[in-house]
Amino acid sequence: MLAYTFKRLIQGVITVWFIATATFFAMHAVPGDPLANERATTEAIRKNLEARYGLDRPVTEQYVLFLGNMMRGDFGISFTQENRRVNDIIRESFPVSATLGILAVAFAAFGGVVWGALTAIYRNRLPDLVITFLVILGISVPGFVVAALGQLALVDINAWLGFSLLPIAGWGSIRHMIVPSMVLGLGTMAYLTRLMRSSMLEITNSDFIRTARAKGLPPTRIFLKHQLRNAILPVITVLGPSIAAITTGGFVVELVFAIPGLGRSFVQSVQQLDYTVIMGTTVFYGAFLVFMVIVVDLLYGLIDPRVRLE
Amino acid sequence: MTASAANPVAPVLDVKDLHVEFDTYGGIVKAVRGVSFDVHAGKTLAIVGESGCGKSVTVQSIMGLIPMPPGRITRGTAMLDGVDIVQQKIVNGRDIRGNRVGMIFQDPMSALNPTMRVGDQIAETLQVHRGYSKRQAFDRAVEVLTLANIPEADKRARQYPFAFSGGMLQRAMIAIAIACEPAVLIADEPTTALDVTIQAQILDLLKDLQRRNGMAIVLITHDLGVVARMADDVSVMYAGEIVETGSVDDVFYRAAHPYTLGLKAAMPSSTTPKDQGLRPIEGTPPDLFAPPDGCGYFARCPHAMRVCGPSHPPNVEVDPRHNALCWLHHPDAPRTVSELHRRVQA
Ligand SMILES: Nc1ncnc2c1ncn2[C@@H]1O[C@H](COP(=O)(O)OP(=O)(O)OP(=O)(O)O)[C@@H](O)[C@H]1O
Ligand code: SF4
Ligand SMILES: [Mg+2]
């Protein structure tokens, strides 16, 4: 298990290096100039700024410098926000995104398992048909539409009630978090529901459930101890990709609900061609996702004894 | 205490006139059509018959394991300790399944929960049926694994099924089934998925356990060699019916039903001489969507008579405790049993 963890971590580091390198050269290939705004009015100022950010050196030298800084965990200074270090931007806004993401993943996983199990139990009866219809809706409607509709619904609900039940935008209290995290988790929840349903149905007909019944166990015990635990396994395998989907979905939801998260910083930095912030957040996101996939794999090992030894 | 203890000649499990159907897209499959059998404490009844004849459905419906719907028990009783478990299986299911009746299945590789320790899977039945604490139940599980001839049982009990071989898993399955010392053990082709040397070990284990605790065994098999080795009595099943029942000697040496004779000629066993080749039974079993009114074996039977097509054959007691479902044994039938033997074995 330890050797396996170590191997996965090494693989992860290589992946992150790859992401960093690809981002670096992609950034150098895009047209446009981070200093082509009002800040570089004269040739002298431009020279100054280029020197400050190291843009006057050859590309290979810049690359080595970038890798060196990155390994020390230093992503440099923002081009557009004077004197803001990229590290500070990540440090301030990532916890917001992480809170939103964790809530969304929890909502999606919990909802997916519960709805999936319910649809399997009520297979081909009314609750199953209704939930399945909603699931197809949830999978096919894009995240930005769900976000906008969610916000619109909130406006209507607040107007109808005559007071603000839940805030329609911003961040701070639990009440700010509820709707955005549900909106963010919805698509994933729909996907997990479908997965959980088919996994449950497969397991209902499996030999070991028949054994459990032949043992005379009460139905609730069969459901909880034998069926659920095995049915959840496929859901856990896709949790890694689900976290990725929710992370990228967060870019949109943070913009729509005006949440000061890392996703919003990232989108803004791309719009403004804020070279260092783009590099920093991309590498950070990459490392985060790679790490999460490893965590999910290890979690899977905890639940399924068969992968523990491999 | 139990009915069998009060009256030593009464069978522990007595199944009468069991009918089971399945709803399918193609219509209603009449999988089991009036099956009756009984088995006594300490004895083994083998149920033999070709694939699809309804052996598994018979025992699974007694255990309440057929999916309902589409399955349905339309008629019949199965008396255990004076209680009809076909009628009572919902109300009383917990006391019967896994407690008074244990069951093992064909494929041990998929019969255990892959995410639960083997010991816990045995302990579970003891917790449910005996009210043992977790610790007590686990300690007893280790004892039962030892009984099932699993070496280093205390270590094995803490492992997961994937760490076991096929033979070991079947031993673990047996341990689960006998944990509560059942009166009846139902074994549905327990050795079909295992290789030959392991098969023999598993059969020996079953015999050994039976001698130890006096349970009755209902053993489903394709293999007449297994029947000869294990069984006291045999029921031969064909197309959802039991066509012949008797002691092993009666059925093996004085077979009274043409299907039994065909089965013996078609199956390799220690009783078949090497030079006498195998003769498969021509044709296929009847359609269970619309089973024939008369004899189910009519279309394939080399001895068929005019009466066999339209009229259902009588169940004739050819010798004491040896029955056959065949017109040949009707007093008016032109051929005698000895004549039949001569014809088939010539
Ligand atoms: N769930 C079901 N739905 C519909 N038909 C079924 C179902 N289960 C069994 N049957 C039918 O019942 C009949 C008897 O099946 P069963 O499994 O008892 O045969 P078997 O004698 O055990 O055969 P084998 O030796 O292959 O195990 C078959 O024709 C099968 O198609
Ligand atoms: S009843 Fe007739 S068809 Fe059926 S087995 Fe006997 S002789 Fe053959
Ligand atoms: Mg079968």
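How much area do chain B and chain A bury between them, and what share of it lies on carbon and sulfur atoms?

1. In this predicted model, chain B and chain A bury about 2,200 Å² between them, and 56% of that area is on carbon and sulfur atoms. Within chain B, the residues that lose the most area to chain A are B:T115, B:E124 and B:F162, which together account for 26% of what that side buries. The contact draws on 30 residues from chain B and 21 residues from chain A.

2. Two salt bridges are counted between chain B and chain A. In one salt bridge B:E124 is joined to A:K215, with the closest N and O atoms 2.9 Å apart, and B:E124 is also among the chain B residues that lose the most area to chain A. Polar contacts between the two chains amount to 15 residue pairs, counted where both residues are at pLDDT 80 or more.

3. On the side of chain B that touches chain A, the elements giving two or more residues are β6 (101-104), α4 (108-111), α5 (118-130) and α8 (166-178) of chain B. Of these, α5(B) gives the most, with six residues. Sorted by class, this side of chain B has 15 nonpolar, 10 polar and five charged residues.

4. Turning to the sheets, chain B has an open sheet of four strands in the order β2-β1-β4-β5, with antiparallel pairing. Because β2 (27-39) and β5 (83-84) of chain B stand at the edges with a single partner strand each, one side of each is left without a neighbour in the sheet. Strands β1 (residues 13-24) and β4 (residues 71-80) of chain B pair in the antiparallel sense over eight bridges, and B:V20 stands opposite B:I73 in β4(B). Helix α2 (residues 55-62) of chain B packs on this sheet, where it touches β1, β2 and β4 of chain B, and its direction makes about 110° with that of β1(B).

5. Chain B also has an open sheet of eight strands, in the order β6-β7-β8-β3-β9-β10-β12-β11, with mixed pairing. The edges are taken by β6 and β11 (315-319) of chain B, each with a single partner strand, so one side of each is left without a neighbour in the sheet. Ignoring direction, neighbouring strands of this sheet are turned by 20° against each other on average.

6. At one edge of that sheet, β6(B) pairs with strand β7 (residues 184-188) of chain B in the parallel sense over four bridges, and B:I104 stands opposite B:A187 in β7(B). Helix α8(B) lies across β6 and β7 of chain B and runs at about 165° to β6(B). Both β6 and α8 of chain B are among the elements that give residues to the side touching chain A.

Terms used:
Residues numbered from 1 in each chain as written. Chains lettered and ligands numbered in written order. Predicted model: local features only at pLDDT ≥ 70, side-chain atom pairs only at ≥ 80, totals over all residues. Heavy atoms only, no water. Contact = heavy atoms within 4.5 Å. Buried area = accessible area lost by both parts, 1.4 Å probe. Salt bridge = Lys/Arg side-chain N within 4 Å of Asp/Glu carboxyl O. Polar contact = N/O pair within 3.5 Å; in protein donor to acceptor, adjacent residues only side chain to side chain. Nonpolar A, V, L, I, M, F, W, Y, C, P; charged D, E, K, R; others polar. Pairing = 2+ DSSP bridges. Axes fitted to C-alpha atoms, helices over the stretch in contact; angles between N-to-C directions.
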